[in-house]
Amino acid sequence: MKKGASPIRAAIVDLDGTMLDTIPDFHVAINRMRADFELPAISQEAIALMVGKGSENLIRSVLAQDFDAAGVEHRIGEALDAYQRHYLDINGKHSTIYMDVEAGLKAMRAQGLRLACVTNKPVAFALPLLAEKGLAPYFEVIYGGDSFAKKKPDPMPLLHVCKDFSLKPQEVVAIGDSSNDAEAARAAGCYVLTVPYGYNHGVSIHETDSDGIVDSLLEAATLIQTHNHSAH
Ligand SMILES: O=C(O)COP(=O)(O)O
Ligand SMILES: [Mg+2]
């Protein structure tokens, strides 16, 4: 991160692949939907390549394994309904929290940073999931992929958080696992830190433009603190 620049006053944290390993939840919900359509189960590895751009994109990609464009179009409404029903049934039951997520969030709060969660997950999935995992209380605001007209990689949700917090984008860092997070942050003018353990569409996170790759949210907190010590 740029030395001597303005201090960072808020962090916008991504959910899937950054705070929680939710692929096992996606796996169960998607394969229940596929069973409804008499389609064979698909693997967690296949699903991990498709997650990141919201539910509709995910279910379109899942259907595209079996159908052409017209076939996907024909089924998308019913498939999305079934998937959402199944997901809400199992939301959080199979997903786990990554190492040092709570320690990282605590460290950021202790530094006086304001925290927001911006995910491409529908907000109706994100809110109960964060509550169940004990993470909701860390965040002043939580936005989903359907909270605004546009989702990441569009900067709209990030800019909304900046406005909520009355901060300039240069005072805010986005932390995520995918190019969607990095592109949204760059377009908004925020800093971006990336974690290497999540889901980046099968592409190495090293190929994504960011201000630093951190092994955990705790390491992100340390990096932000170092930045702020050298900032004016
Ligand atoms: O559900 C998705 O599409 C990905 O969600 P994320 O933005 O929390 O990684
Ligand atoms: Mg993510």
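## A quick tour of the model

A11 sits opposite L115, a residue of strand 4. That pair is a handy way into this structure, which is a predicted model. UniProt puts a "binding site" feature, from an unreviewed entry, at D14, D16 and D177, and the core has 63 residues.

**The sheet**

- Strand 1 (residues 10-13) and strand 4 (residues 114-118) run parallel and are joined by 4 bridges.
- Those two strands belong to an open sheet of 5 strands, paired in parallel and ordered 5-4-1-6-7.
- At the edges you'll find strand 5 (141-143) and strand 7 (191-194), each of which pairs on one side only.
- Going from one strand to the next, the twist averages 20 degrees.
- Helix 8 (residues 179-188) lies across strand 6 (172-176) and strand 7, and runs at about 165 degrees to strand 7.

**The spot marked by UniProt**

- D177, for its part, lies in the loop between strand 6 and helix 8.
- Is D14 buried or exposed? It is buried, because 26 other C-beta atoms lie within 10 Å and 20 or more is enough to count.
- D16 counts as buried too, with 26 C-beta neighbours inside 10 Å, and D177 is buried with 25 other C-beta atoms within 10 Å.

**Who touches whom at that spot**

- Not counting residues up to four places away in sequence, D14 touches V118, T119, I175, G176, D177 and D181.
- With neighbours within four places in sequence left aside, D16 is in contact with T22, V51, T119, K121 and Y199.
- Under that kind of exclusion, within four places in sequence, D177 has contacts that include D14, G17, T18, T194 and Y199.

**The nonpolar core**

- Among the 63 residues of the largest nonpolar core, the ones touching the most other members are I12, L158, V173, A174, A185 and C190.
- Helix 1 (residues 23-36) supplies the largest share of this core, namely 6 residues.
- Where does the core lie relative to domain 1 and domain 2? Domain 1 (10-21 + 96-230) and domain 2 (23-90) both give residues to it, so it lies between them.
- I12 is in contact with A116, V118, L158, V161, V172 and A174, leaving aside its neighbours within four places in sequence.

- L223 has its place in helix 9 (residues 217-230).
- L223 and M1 are 222 residues apart along the chain, yet their C-alpha atoms are separated by 8.6 Å.
- L223 counts as partly exposed, with 19 C-beta neighbours inside 10 Å.
- Its contacts are L193, G212 and V214, not counting residues up to four places away in sequence.

Notes:
Residues numbered from 1 in each chain as written. Chains lettered and ligands numbered in written order. Predicted model: local features only at pLDDT ≥ 70, side-chain atom pairs only at ≥ 80, totals over all residues. Pairing = 2+ DSSP bridges. Axes fitted to C-alpha atoms, helices over the stretch in contact; angles between N-to-C directions. Contact = placed C-beta atoms within 7 Å. UniProt positions renumbered as here; feature names shortened; annotations may be inferred. Buried ≥ 20, exposed ≤ 12 C-beta atoms within 10 Å, placed from the backbone. Core = buried A, V, L, I, M, F, W, Y, C linked by C-beta atoms within 7 Å. Domains from an automatic or database assignment.
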